[in-house]
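Q: Please take a close look at a single part of this structure. A connected account of its geometry and surroundings would be appreciated.

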Amino acid sequence: QVGLVESGGGLVEAGDSLRLSCSASGVTFSRHTVAWFRQAPGKQREFVGGIRWIDGATKYTDSVKGRFTISRVNANKTVYLQMDSLKVEDTAVYYCAAAVGGLDITSIPRLYPNWGQGTQVTVSS
């Protein structure tokens, strides 16, 4: 059983930065892809970005490119989402998700069997 726990959310002002963490238990990441999704009230869950553990390759949705950065630390099985230049429209619950294998960092939520509980990010104007 893979356990994922997000942390680091909070209330910030537009232009500020936040760093979210996704810590894993019950798994040693090797062939996994770990992704970040977000869901705002009344909207569908949206792919933010992901990282392929084996080589550190990353992929981002267009709206966060140049502002968000995903990284990983092998030793403590943690994936980070560094969010800079935050905008009001970044407000959402942010989730991390993990899937085994695959050559592509998929943006399709149903292909990730393991999810964290989410952490709220609120950006005020």
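**The disulfide and its setting**

A: Cysteine 22 counts as buried, because its relative accessibility of 1% falls under the 20% limit. The model in which this value was computed is a predicted one. Cysteine 96 likewise counts as buried, because its relative accessibility is 0%, which is also under 20%. These two residues are partners: a disulfide joins cysteine 22 to cysteine 96, with an S to S distance of 2.1 Å. As for the geometry of the link between cysteine 22 and cysteine 96, the angle about the S-S bond is 65°, and the link is right-handed. Cysteine 22 belongs to strand β3 (residues 18-25) and cysteine 96 to strand β9 (residues 92-100), so the pair ties together parts that are 74 residues apart in sequence.

Glycine 9 sits in the loop between β1 (3-7) and β2 (10-13). Its relative accessible area is 32%, so glycine 9 is classed as partly exposed, whereas cysteine 22 is buried. Leaving aside residues up to four places away in sequence, glycine 9 touches Leu18, Leu20, Thr119, Gln120 and Val121. Isoleucine 105, by C-alpha to C-alpha distance, is 24 Å from glycine 9 in space, and the two are 96 residues apart in sequence.

Definitions and conventions:
Residues numbered from 1 in each chain as written. Predicted model: local features only at pLDDT ≥ 70, side-chain atom pairs only at ≥ 80, totals over all residues. Heavy atoms only, no water. Disulfide = S-S within 2.5 Å. Helix = DSSP H or I, 4+ residues; strand = E, 2+ residues; numbered from the N terminus. Buried < 20%, exposed > 50% of the residue type's maximum accessible area, 1.4 Å probe, protein only. Contact = heavy atoms within 4.5 Å.
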